[in-house]
Amino acid sequence: MTREFVPPPRGVTVRGALEAELASAPETGLTAKELSSLVGISEKDVAGHLEHLEKSLKAGGAALTVLPAECVACGYVFRDRKRLSRPGSCPECRSTRIDPPAFLIR
């Protein structure tokens, strides 16, 4: 007999929880992996929620700051990247060892 996992009821929405975690984030920011463990959602879902949260914050006068991803092998910084997910490989050296972007609210 297998039982399905039922998550405990939430007191706040996922985006509300993300906003609270990002507001109290250190200056180095929080990665999608860290946010997923803090809020209790999958890492893949974090980018989608952050896109919507970014719009809500902009309307409220705040801003989601993205500290860009960086290639570990050659040091390339993904400054112009618009997507909030982790890049697959470096355009300079084709390495897949990439530090993911970090996020915080300012």
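**Close-up views of a predicted model**

R94 is exposed, with a relative accessible area of 61%, where exposed means over 50% relative accessible area, buried under 20% and partly exposed in between, for a 1.4 Å probe and protein chains only. The model is a predicted one, in which local features need pLDDT of at least 70 and side-chain atom pairs count only at pLDDT 80 or more, while totals for chains, interfaces and linings use all residues. Residues are numbered from 1 along each chain as its sequence is written, and side-chain values use heavy atoms, with hydrogens and water left out.

**View A. Backbone of R94 in the loop between β3 and β4.** This residue, R94, has a positive phi of about 65 degrees although it is not a glycine. Most residues other than glycine have a negative phi. The loop that holds R94 runs between β3 (70-71) and β4 (98-99), with helices (H or I, at least four residues) and strands (E, at least two) taken as DSSP runs numbered from the N terminus.

**View B. Salt bridge between R106 and E27.** The side chains of R106 and E27 meet at 3.5 Å, N to O, in a salt bridge, defined as a side-chain nitrogen of Lys or Arg within 4 Å of a carboxyl oxygen of Asp or Glu. R106 lies in the segment after β5 (102-105) and E27 in the loop between α1 (14-23) and β1 (30-31), so the pair ties together parts that are 79 residues apart in sequence. By this rule the count comes to 1 salt bridge. Both partners are exposed, R106 at 55% relative accessibility and E27 at 61%.

**View C. Packing of α2 against α3.** Helix α2 (residues 32-39) and helix α3 (residues 43-60) have axes that come within 8 Å and cross at roughly 95 degrees; the axes are lines fitted to C-alpha atoms, for helices over the stretch in contact, and angles run from 0 to 180 degrees between N-to-C directions. The two helices α2 and α3 are therefore roughly perpendicular to each other, a class that spans 65 to 115 degrees, with angles under 35 counted as roughly parallel, over 145 as roughly antiparallel and the rest as oblique. From α2 the contact (heavy atoms within 4.5 Å) involves A32, K33, L35 and S36, and from α3 it involves E43, V46 and L50. Within helix α2, S36 counts as buried at 11% relative accessibility, and beyond its neighbours within four places in sequence S36 is in contact with I41, S42, E43 and V46.

View D. L57, placed in helix α3, counts as buried at 5% relative accessibility. Leaving aside neighbours within four places in sequence, L57 is in contact with E19, A62, A63, L64 and I105.
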